[in-house]
Amino acid sequence: MRIHNSSLLLLALLMAACSPALYQPASKVTYSKYDVKPGTGVSSMQTMLAPYAANVNQTMNTVIGSLAQPLEKKMPESSLGFFMTDAYLYQAEKVFGQKVDLAFMNNGGIRINSLPAGKITVGSIYELMPFDNLLVLLELNGSQLQALMDHIATRGGWPVSGGTYKVVNKKAVDIKVNNAALSPSGKYVIAISDYIANGGDDCVMLKNIPQVNKGYLQRDALIDYVKEKCASGQPLPHPVMNRLQTEEAP
């Protein structure tokens with residue numbers, strides 16, 4: 001997973017700009033003892049970075065919408081996870097210009113436990129999704145989709161949009177896509193992160209499946225979705241629940 005860190009990126013760019021030459025390490029290194037006083041150089045560095053930090057802070061504090069009630073990361077039903085998959089499904093159809101059947105979000109990629117009621121800022125979305133993961137499309141046949149969902153079931157279930165399913169004894173059963181039962185011979189387009197599509201979270205069954213990739217960040221999908229849904233000034237609609245059930249067979 002690629003972690004976004006504005007301050008470190010800014011510092012790296014500034015240091016690179018000041019060092020255009022490429023130097024090779026010497027074959028022999030000698031060391032000298034230097035006394036470094038606390039605070040030396042810190043104030044000048046802070047002064048240099050201050051305008052950039054102010055710009056980053058202004059961007060992160062930009063309000064893009066609001067919530068009437070909190071969204072929470074829970075298992076098996078996660079209102080926070082369902083918000084994310086709803087955004088991925090909706091934005092994928094717009095950006096990729098085609099019908100998308102399902103969208104998934106792995107629980108490990110949800111990096112905060114809740115979004116509180118009230119204002120949603122750009123910074124809130126960066127905290128929720130700090131990784132520079134891309135939203136990609138995969139076309140799976142029914143057997144491949146069943147294999148993916150069986151794997152998801154071993155994780156206790158992941159948030160999904162476009163369908164419903166049950167987890168029984170770590171198997172995915174009663175899978176419905178667009179209110180129809182999963183067909184082994186069917187074809188299904190799913191929206192998912194490039195991290196998972198490339199085999200992350202042990203999803204090795206996806207590694208050799210061709211990806212449709214437009215360089216669209218999952219984080220941008222969340223931001224764009226909130227902006228559009230809250231453009232009228234209304235709070236973000238609360239996600240519909242009852243998409244995933246877990247039970248133990250007798």
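This is a predicted model: local features need pLDDT of at least 70, side-chain atom pairs count only at pLDDT 80 or more; totals for chains, interfaces and linings use all residues.
Figure 1. Of the 18 residues of α3, 14 are buried, so the helix is largely enclosed by the rest of the structure. The helix covers residues 79-96. Its length can be checked: at 1.5 Å a residue, 18 residues should span 26 Å. The end C-alpha atoms of α3 lie 25 Å apart, which agrees. Just after the helix comes Gly97, with a positive phi of about 65 degrees.

**Figure 2. Glu77, in the loop between β2 and α3.** The loop links β2 (71-72) to α3 (79-96). Is Glu77 buried or exposed? Residues under 20% relative accessible area are classed as buried. Glu77 has 17% relative accessibility, so it counts as buried. Which residues touch Glu77, leaving aside its neighbours within four places in sequence? They are Phe82, Met241, Asn242, Arg243 and Leu244. Two backbone nitrogens meet polar atoms of the Glu77 side chain. That of Asn242 lies 2.5 Å from a polar side-chain atom of Glu77. For the backbone nitrogen of Arg243, the distance to a polar atom of that side chain is 3.0 Å. Trp158 is 81 residues away from Glu77 along the chain, yet their C-alpha atoms are separated by 8.5 Å.

**Figure 3. The open sheet of four strands.** The strand order is β10-β9-β8-β13, and the pairing is mixed. β10 (180-181) and β13 (244-247) stand at the edges. Each has a single partner strand, so one side of each is left without a neighbour in the sheet. Inside the sheet, β8 (residues 163-168) and β9 (residues 171-177) run antiparallel. Five bridges join them.

**Figure 4. The open sheet of five strands.** Here the order is β7-β3-β11-β6-β12, again with mixed pairing. Which strands stand at the edges? They are β7 (160-161) and β12 (211-217). Each pairs with a single strand, so one of its sides has no neighbour in the sheet. β7 runs antiparallel to β3 (residues 102-104), and two bridges join the pair. Ala103 stands opposite Ser161 in β7. Helix α5 packs on this sheet too, touching β3, β6 (134-141) and β11 (187-193). Its direction makes about 120 degrees with that of β6.

**Figure 5. Helix α7, residues 218-229.** The 12 residues of α7 should span 16 Å at 1.5 Å a residue. The C-alpha atoms at its ends are 17 Å apart, which agrees. Which residues of α7 are buried? Gln218, Arg219, Ala221, Leu222, Ile223, Tyr225 and Val226 are.

**Figure 6. The whole protein chain, for orientation.** The chain holds seven helices and 13 strands. Of its 250 residues, 41% are buried. The accessible surface comes to about 13,900 Å². Carbon and sulfur atoms account for 54% of that surface. Among contacts with a separation of 6 or more, 79% join residues 24 or more positions apart.

Notes: Residues are numbered from 1 along each chain as its sequence is written. Side-chain values use heavy atoms; hydrogens and water are left out. The expected span of a helix is 1.5 Å times one less than its number of residues. Buried means under 20% relative accessible area, exposed over 50%, partly exposed in between (1.4 Å probe, protein chains only). Contact means heavy atoms within 4.5 Å. Accessible areas come from the Shrake-Rupley method with a 1.4 Å probe; for residues, only the protein chains shown count as cover. Two strands pair if DSSP finds at least two bridges between them. A polar contact is a pair of N or O atoms within 3.5 Å; within protein, one must be able to donate a hydrogen and the other to accept it, and residues adjacent in sequence count only if both atoms are side-chain atoms. Axes are lines fitted to C-alpha atoms, for helices over the stretch in contact, and angles run from 0 to 180 degrees between N-to-C directions.
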